[in-house]
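Visitor: I have a structure to look at and some questions about it. Could you take me through it?

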Amino acid sequence: MSAVLVEESAPVRAPLHDRRARAVLALARFEARRLLLSVPVVIAFVAYVAWIVWRTRDSWDGHPVLQDADRATQSMPMLVGLAVLLGAARAVVRSERHGTEHHFSVLVLRPWHRMAGHALSVVPAALLTAVCVAGQFGWEALKAGAVGHGSPAELAVGPLTVLAFGALGVLVGRLTMAAFAAPLLVVVLLFVFVLGTGPSGASGLSWLAPVVATTGPDPLPSDLLGRPAAWHALYLAGAALSLALLAVAVAGGRTAAVRAGLVLSLAATVTGGILQAGGATPSKELTAARERASVHPELTCAEHGGSRYCAFPEWAPRTGTWAGVVDRVQAVAGGSAHDRPLVVRQRIDARYGPGTDAAIPALTGAGQVTVGTAWGGNRVPEFSSAVAAVLVAGSEAAGSELCDGRMVTVMWLSLSWQDDPMGALRRVRLDDSVTGSAIVLSPTDPLSMTEGQTDVVRRLLENPPAGTGARVTEHWAELTAPGVTTARVAELLGVPGPKKADSCED
Amino acid sequence: MRGLTAVRGTLTVDLAVPLWRTLPWRALAAAGALGLLVAGFPLVTGAEPAPWQTLMLLRGAALVGALGLAFLLDDPARHLTAPVPTPRLLRQALRVALVAPLAALWWTAVLLLTPVASRPPAGGVTLEALAVGALALAAAALAVRLTDEARPGPFVAAFLLFTAVLAPLLAPEDWALFVQADDPRWSVGHDRWAVLAAAVAVLGAGCGPEPSGRRRGR
């Protein structure tokens, strides 16, 4: 009982500025609760969480590269930010619309104190976004196939965007004191940042947008990304703080603290903006490092079952997975290929930066196989096809020129051991077909299948005659002899041959 | 009966001037100006947008215009005018009629501001603009009908924005509502837009009359 009495009497004894601070916080808490429970924000967060769950379940085929996964958390918070902007602006305008502005003027809180409360009220929404971002990224990081390192600065972009949009909503509400301003501003922001083609990050100016997305099919090592992420986070934080303090200043808060804060936050914004623009064009060292990584990369190598697996340090945990594929391809191969030591080298072309799809030339060395930085899904049969082509033809360059019956052997080695061989055949072919001639994808130069080879491979994979595996090892020398016809391979493996005789000119 | 109609006619004319004065001019002017800016963006910057970009600009301008219209039925004096003899439906229709010529002029200007080379068929886009404008008005009428709020404009604007973001994502692909001008389904899709506009207009008109009795608890 006495505790309650002390508690109740405390505010009366507290000095005035302390009471003001407490009242501002109370107002911020109240407005934050209203904001988070307002219909647009609730819908936005529900849609955001649903999107996270829907997307993260099978993003990157279960093998995320975390320096790319962190950027994937950035785009959706913009929509949440737009909803927060609407809500924050409406909260600022509310007292004007309901004619209660005059009643508030008799309270302890001056208008700029209330504005500070409004500005603080968007912080919980940003924190909630941070929780969602952490959940999305944590989910990716906990996947068994995850490699690489996320960047805290990239992860901060989502919550900071929400904070900046919320502060912008407060400022716009204060400046216009009109309910129609925020929706119109949202349309403009939608146009500029969301629906627009999205800044590519090539120029310094494009980094003024809250989110600069550069996503390519092939992840790069994190030190070759060349994104000024930390400066961008500083820029966003400075912008959010400047907007909030500007709203407070417009509402009449011209104290020394507000002025100093405004100057500091503007300085942070400008510093971040200038330095991120400087970082947008790759520096000399970065260009040299990218060149080196593309031509003579420094890889860490590991031995698995007689073969060597060389990968960029961040991908080192994945060599065991590659070894599993190589082992299974070699298990169905015969002759010397059955336990020929291979060298699997990870290769990238980083010279054009992230977000580009550069072709990698085939290796000419015997027994060398290329593997990319992405994994899972289609990358698995593509890699196994490259391994099979090297086992049959000797090298990647020779494998990409295969056009005789050996192609059937390659595809059998590549696909027969997979869980769904026909599905893998469909996915590894460029046009997703299982009939007719087609290009077969591989990490480097593609292979090609004629119509006759496709028919034979399909018969082999759909209904493999009993003992096909044994026949492959038994006739290995003939199946891999240069110039063997597809008809002869079909005969050796016990399936009907192709209708047309194939030739290398097809 | 005839006399009553005549009285109503003169009442309508008498109403026009005060209504004209109380229209939400700031919201309409802001939306109109922004819509012209959006549509005139390529002209100002000298860019030559692709047809899909022009279509998006026009759809954006239509959305901006509709956001202005979302505030049209805001009536701060709503609770005072409830018992006046002129029915609410008539007053709301009069508001729409007062703004309609201006809106038509504005939309013509928007269309003319976009580059000729990449402009989509005017009829189809105008139908889309009509539908989204009707949606804004119907949503405003519905908000007036279902709530006691005198100025539901911000709610309606937020609803419209969410619809604009979510509808292209969630609307079934076969409805062909958001197709490009060179798509063969453009005309079929615009039959659907016409149906949509009509349905929404009927809904809006249906929400016009004042409810017959006082709701409980009010």
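This is a predicted model: local features need pLDDT of at least 70, side-chain atom pairs count only at pLDDT 80 or more; totals for chains, interfaces and linings use all residues.

Visitor: Which elements are included in what covers the buried residues of α18(A)?
Guide: Helix α18 of chain A spans residues 421–428, and its buried residues are Pro421(A), Ala424(A), Leu425(A) and Val428(A). These residues lie on the same side of α18(A), because they cover an arc of only 105° around the axis. Their cover includes α15 (379–393), α17 (406–415), β5 (438–440) and α19 (451–462) of chain A.

Visitor: How far apart do the C-alpha centres of domain 1 and domain 2 of chain A lie?
Guide: Chain A is divided into domain 1, residues 10–202, and domain 2, residues 299–493. Their contact takes nine residues from domain 1 of chain A and eight residues from domain 2 of chain A. On the side of domain 1 that touches domain 2, there are three nonpolar, five polar and one charged residues. The C-alpha centres of the two domains of chain A are separated by 49 Å.

Visitor: Which element gives the most to the side of chain B that touches chain A?
Guide: In the contact between the chains, 20 residues of chain B meet 15 residues of chain A. The chain B side divides into 16 nonpolar, two polar and two charged residues. Elements of chain B that give two or more residues to this side are α2 (25–45), α3 (51–69) and α7 (153–170). With seven residues, the element that gives the most is α7(B).

Methods: Residues are numbered from 1 along each chain as its sequence is written. Chains are lettered from A and ligands numbered from 1 in the order in which they are written. Two residues are in contact if their C-beta atoms, placed from the backbone, lie within 7 Å. Helices (H or I, at least four residues) and strands (E, at least two) are DSSP runs, numbered from the N terminus. Ala, Val, Leu, Ile, Met, Phe, Trp, Tyr, Cys and Pro count as nonpolar, Asp, Glu, Lys and Arg as charged, and the others, Gly among them, as polar. Domain bounds come from an automatic or database domain assignment. A residue is buried if 20 or more other C-beta atoms lie within 10 Å of its own, exposed if 12 or fewer, and partly exposed in between; C-beta atoms are placed from the backbone. The arc is that of the directions from the helix axis to the C-beta atoms.
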